[in-house]
Amino acid sequence: MSVRSNDSAGNNLVPPLPPQAPRMAPSPWLEALGRAVLRLGGWRVEGAFPDLPRLVVIAAPHSSNWDGIWGFAAKLALGIRLSVLGKHTLMRIPLLSAFLRWQGVIGVDRAAPQGVVEQAVALLRRPGSLWYAIAPEGTRKPVARWKPGFWRIARGAGVPVLAVAFDYPHRRIVIGPVFTPGEDMDADIARIQRWYAPFKGRCHDVVQPG
């Protein structure tokens, strides 16, 4: 599989995707749209993606609705397919369900006995490429403690966690390292939070562990 180039204008707005990264169907005009939005906002994506077929991707600090705009522009520019879980009832609505599936939304029954974490784990255990994306803070407000669902999903599925940071002063989205969950959930989450210390969100930063 060929690796897509950075940016046709040579501005290096986004890094190339590795061979095993999940991809959207090629759409030059959507990728051009994403690059145009990044360029107009002065944003870029920095770092290198790991060449792994299955990951839990976390993004922080999540402090503003603008995070979604820059994140979605980066997603289009990269041509990457990131999967998220949505209400299964939405997947029954014609047209909307087709759009959501196209964007990587996977229907999940929040009332199912096995729970959302278990359903996400089952998806990541399937063959093929799947990068599951989640905001560990769970809200745009500052939180002292992240929601542990992302850790439980990664641990249960036996996949690493890829950290991604929004850095507003430098207008960049930073692709960080992969963290392998161990036996101590609290220690793992604190270690990941400390990696976010240099990065500044629009309205707040990642609260550092004590």
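This is a predicted model: local features need pLDDT of at least 70, side-chain atom pairs count only at pLDDT 80 or more; totals for chains, interfaces and linings use all residues.

Beyond its neighbours within four places in sequence, Y196 is in contact with I58, A59, A60, P61, W146, A163, V164, A165, V206 and Q208. Y196 is buried, and W146 is buried as well. The rings of these two residues are worth a look: the centres of W146 and Y196 lie 5.7 Å apart and the planes meet at 75 degrees, so the pair is edge-to-face. W146 sits in the loop between strand 5 and helix 5, while Y196 belongs to the segment after helix 6, so this pair ties together parts that are 50 residues apart in sequence. Both residues also belong to an aromatic cluster, which they form with F150, W195 and F199.

Now widen the view to the core around this spot. The largest nonpolar core has 28 residues, and those that touch the most other members are V56, I58, L124, W146, F150, I192 and Y196. Several elements supply at least two residues each: strand 2 (54–60), helix 4 (115–124), strand 5 (130–134), helix 5 (149–157), strand 6 (161–167), strand 7 (172–179) and helix 6 (185–195). Helix 5 makes the largest contribution, with five residues. There is also a second, separate core of 24 residues, with W43, V45, A73 and A77 among its members. As background, nonpolar side chains in soluble globular proteins tend to be buried together.

The peptide bond that joins A60 and P61 is cis, with omega at about -10 degrees. P61 is placed in the loop between strand 2 and helix 2 (66–78).

W66 and W70 are four residues apart in helix 2, and so about one helical turn separates them. How do the two compare in exposure: is each buried or partly exposed? W66 is partly exposed, at 37% relative accessibility, whereas W70 is buried, with a relative accessible area of 11%.

Next, turn to strand 7 and its partners. Six of the eight residues of strand 7 are buried, so the strand is mostly covered. Strand 1 (residues 44–46) runs parallel to strand 7, and three bridges join the two; R44, for example, has R172 as its bridge partner in strand 7. Strand 6 pairs with strand 7 in the antiparallel sense, over six bridges, and here L162 has V178 as its bridge partner.

Strand 6 and strand 7 form a hairpin with four residues between the strands, and in this hairpin R171 takes a positive phi near 50 degrees. R171 is not a glycine, and its place is in the loop between strand 6 and strand 7. R171 is partly exposed, with a relative accessible area of 44%. Most residues other than glycine have a negative phi, and most peptide bonds are trans. Against that background, the positive phi of R171 and the cis bond between A60 and P61 are two backbone details to look for in the model.

Finally, step back to take in the whole chain. The protein has six helices and seven strands, and along the sequence they follow the pattern α-β-β-α-β-α-β-α-β-α-β-β-α. Of its 210 residues, 48% count as buried. Among contacts between residues at least 6 apart in sequence, 70% join residues at least 24 apart. The accessible surface comes to about 10500 Å², and carbon and sulfur atoms account for 59% of that area.

The average pLDDT of the protein is 86, and 80% of the residues score at least 70. Residues 1–10 call for separate attention: pLDDT stays under 50 over this stretch, for which the model has 27 contacts beyond four places in sequence.

Note on methods:
Residues are numbered from 1 along each chain as its sequence is written. Side-chain values use heavy atoms; hydrogens and water are left out. A nonpolar core is a set of buried Ala, Val, Leu, Ile, Met, Phe, Trp, Tyr and Cys residues joined through side-chain atoms within 4.5 Å. Buried means under 20% relative accessible area, exposed over 50%, partly exposed in between (1.4 Å probe, protein chains only). Contact means heavy atoms within 4.5 Å. Two strands pair if DSSP finds at least two bridges between them. pLDDT is the predictor's confidence in each residue, from 0 to 100. Accessible areas come from the Shrake-Rupley method with a 1.4 Å probe; for residues, only the protein chains shown count as cover. Rings of Phe, Tyr and Trp (its six-membered ring) pair if their centres lie within 6.5 Å; planes under 30 degrees apart count as stacked, over 60 as edge-to-face and the rest as tilted.
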